[in-house]
Amino acid sequence: MTEPFITWSVGPFTISAQMLFIFIAAASGYGAMSLYLKEQRVGNRGEILDTFLTSLIICAVVYKMWPFILDPKLLTSPGNLLYFAGGPYAAYASAGAAVIYFLLQSVRKKWSHHSLDSFMAAITTALIVFSLGVKKYGLPSPFSFGYIYEGVIYHPVNFYYSWLFLLVLLAAVLLVPSSKKYARSITMLTGLVIAYGLAAPFQV
């Protein structure tokens with residue numbers, strides 16, 4: 001696990017640990033989706049994966065351009081494109097755009113329920129990987145286990161998330177039959193909401 005604001009520079013480009021693990025998480029989600037569709041023997045697997053990849057690109061573009069959407073004046077200096085990204089609600093907006101695009105394509109092309117199940121499995125897998133990679137400090141903890149900063153122990157919130165998300169994924173895949181339409185998707189979506197609720201009291 002790394003600190004979220006550690007950065008590495010290559011020439012004029014700078015990447016943070018948080019951004020690096022976003023890429024790793026996205027790649028893990030893509031891999032999970034591919035395996036899921038292969039296991040379910042979905043015939044149009046390639047088409048679904050291509051759409052998911054396009055969703056990731058849309059997510060990245062919206063996240064990158066979000067500062068310029070909020071403040072178009074930044075575009076007056078082309079150099080700003082190298083340095084600005086994210087901002088208030090950027091993660092929600094970019095993820096929302098990606099999800100909406102995938103869902104619209106799924107409905108338009110009348111894919112089976114396996115496409116949405118695989119999409120939710122990809123999202124859950126990506127959340128697990130990201131949570132394992134980047135530290136998230138919570139409130140001061142009374143326990144001996146946690147992150148230590150200036151002599152104070154804090155709840156390792158990302159660690160809590162990673163295990164909760166893993167339990168959600170395992171419960172959906174192992175306990176819910178894939179033949180039940182959208183049952184796994186609903187299970188994972190409900191589980192993720194519950195997981196966030198359970199970890200919320202430990203966050204700052």
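The questions and answers below go from the overall fold to single side-chain pairs in this predicted model.

Colleague: What share of the residues in the protein is buried?

Modeller: A residue counts as buried when its relative accessible area is under 20%. The protein exposes about 11,900 Å², with 71% of it supplied by carbon and sulfur atoms. Of the 204 residues, the buried share is 35%.

Colleague: How many salt bridges are there, and which residues form a salt bridge?

Modeller: The rule asks for a side-chain nitrogen of Lys or Arg within 4 Å of a carboxyl oxygen of Asp or Glu. In E47 and K109 the closest N and O atoms are 3.3 Å apart, which meets that cut-off. The count comes to one salt bridge, formed by E47 and K109.

Colleague: How far apart in sequence are the parts that this pair ties together?

Modeller: E47 lies in helix α2, residues 45-70, while K109 sits in the loop between α4 and α5. Both are partly exposed, E47 with a relative accessible area of 33% and K109 with 31%. The pair therefore ties together parts whose separation in sequence is 62 residues.

Colleague: How many aromatic pairs does a search of the whole structure find, and how is the pair of Y161 and F165 classed?

Modeller: The search finds twelve aromatic pairs. Y161 and F165 are four residues apart in helix α6, so about one helical turn separates them. Both residues are buried. Their ring centres are 5.4 Å apart with 10 degrees between the planes, and planes under 30 degrees apart count as stacked.

Colleague: Why is the pair of Y161 and Y196 classed as it is?

Modeller: The ring centres of Y161 and Y196 are 5.1 Å apart, and the planes meet at 55 degrees. Stacked needs under 30 degrees and edge-to-face over 60, so the pair is tilted.

Colleague: Which residues form one aromatic cluster?

Modeller: Rings pair if their centres lie within 6.5 Å. One aromatic cluster is made up of Y30, F52, F102, W111 and F119.

Technical notes:
Residues are numbered from 1 along each chain as its sequence is written. This is a predicted model: local features need pLDDT of at least 70, side-chain atom pairs count only at pLDDT 80 or more; totals for chains, interfaces and linings use all residues. Side-chain values use heavy atoms; hydrogens and water are left out. Buried means under 20% relative accessible area, exposed over 50%, partly exposed in between (1.4 Å probe, protein chains only). Accessible areas come from the Shrake-Rupley method with a 1.4 Å probe; for residues, only the protein chains shown count as cover. Helices (H or I, at least four residues) and strands (E, at least two) are DSSP runs, numbered from the N terminus. Rings of Phe, Tyr and Trp (its six-membered ring) pair if their centres lie within 6.5 Å; planes under 30 degrees apart count as stacked, over 60 as edge-to-face and the rest as tilted.
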